[in-house]
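Let's take a walk through a protein model together. Keep the sequence and the 3D view handy as you read.

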Amino acid sequence: MDNASIKTQDVIFYATEACRMAKNREFFFDQIKVLGFNPQLISAKEESFLSSYALVFDQIISDRVITLDIGGASTEITLLNSEKKIIDFMSFKMGTLLASNLVKFKKQNVLMMDFFSSHSEQLKS
C-alpha cells in the first residue's frame, strides 16, 4: 500500500470462517504479516455483528432488522434490534466457495457413477 494514502497499520484485517477452518491458517497469517498487516481471527458472532453493522450503521431501524451475509465459507443470519444490538444470530458453514466446491464434487460424483455404470460389465470380470 505504498502508493495509497492508507497505511497498512491503519487497516483492520479480519479473518473469518475460511481462516477459522483452514489447516494452513498460521502460514497464511505469516504471509499477510510480511505485507505489514495484522490479521485478527474473529468468531462467527463477531463476523455476524460486523457484517450486519456495516449494512445498518447509518440506517434508522424502527423495530428489528434481519441481515444475511453470504461469504465464501459461511453464511450469517443476524437479527438486530432498533439499537443495532444482536438479538440472535446463526452462522452456517456454507458459503459461495464451499457451495461451488460441493456442486463440483457432486458433478464429479455423477460422472464417476456414470463411468462405473457404463463399464459395469467390464468391471465385473
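## How much is tucked away

Of the protein's 125 residues, 21% count as buried. Here, buried means under 20% relative accessible area, exposed means over 50%, and partly exposed is anything in between, using a 1.4 Å probe and protein chains only. The accessible surface comes to about 9300 Å², and 59% of that belongs to carbon and sulfur atoms. Such areas come from the Shrake-Rupley method with a 1.4 Å probe; for residues, only the protein chains shown count as cover.

A word on the ground rules: this is a predicted model, where local features need pLDDT of at least 70, side-chain atom pairs count only at pLDDT 80 or more, and totals for chains, interfaces and linings use all residues. Residues are numbered from 1 along each chain as its sequence is written, and side-chain values use heavy atoms, leaving out hydrogens and water.

## The overall layout

How many helices and strands does the protein have? There are five helices and five strands, and from the N terminus they run β-α-α-β-α-β-β-β-α-α. Helices (H or I, at least four residues) and strands (E, at least two) are DSSP runs, numbered from the N terminus.

Now for contacts, meaning heavy atoms within 4.5 Å. Take the contacts between residues at least 6 apart in sequence: 41% of them join residues at least 24 apart.

## A hairpin

Strands β3 (64–70) and β4 (residues 75–81) pair in the antiparallel sense over seven bridges. Two strands pair if DSSP finds at least two bridges between them. A hairpin of four residues joins β3 to β4. If you want a spot to look at, find Thr67, which stands opposite Thr78 in β4.

## Aromatic rings

A search of the whole structure turns up four aromatic pairs. Rings of Phe, Tyr and Trp (its six-membered ring) pair if their centres lie within 6.5 Å; planes under 30 degrees apart count as stacked, over 60 as edge-to-face, and the rest as tilted. One of the pairs is Phe13 with Phe37, which is tilted: 6.0 Å centre to centre, with 45 degrees between the planes. This pair links distant parts of the chain, with Phe13 in strand β1 (residues 13–15) and Phe37 in the loop between α2 (25–34) and β2 (39–41), 24 residues apart. Phe37 is buried, at a relative accessible area of 17%.

Tyr53 and Phe57 form another tilted pair, 6.4 Å centre to centre and 45 degrees between the planes. Tyr53 counts as partly exposed at 35% relative accessibility, and Phe57 is partly exposed too, with 48%. Together with Phe49, Tyr53 and Phe57 form one aromatic cluster.

Leu50 sits in helix α3 (residues 44–56). Is Leu50 buried, exposed or partly exposed? With a relative accessible area of 32%, Leu50 is partly exposed.

Leaving aside residues up to four places away in sequence, Leu50 touches Tyr14 and Ile42. Leu50 and Tyr14 are 36 residues apart along the chain, and their C-alpha atoms are separated by 9.8 Å.

## A nonpolar patch

On the surface, Ile66, Leu68, Ile70, Ile77, Met90, Phe92, Met94 and Leu102 form a nonpolar patch, with about 720 Å² of accessible area together. Patches are made of residues with over 30% relative accessible area and no salt bridge; like charges are joined within 9 Å, and nonpolar side chains (Val, Leu, Ile, Met, Phe, Trp, Tyr) within 5 Å. A salt bridge is a side-chain nitrogen of Lys or Arg within 4 Å of a carboxyl oxygen of Asp or Glu.

Which elements give two or more residues to the patch? They are β3 and β5 (86–92). β3 gives the most, with three residues.
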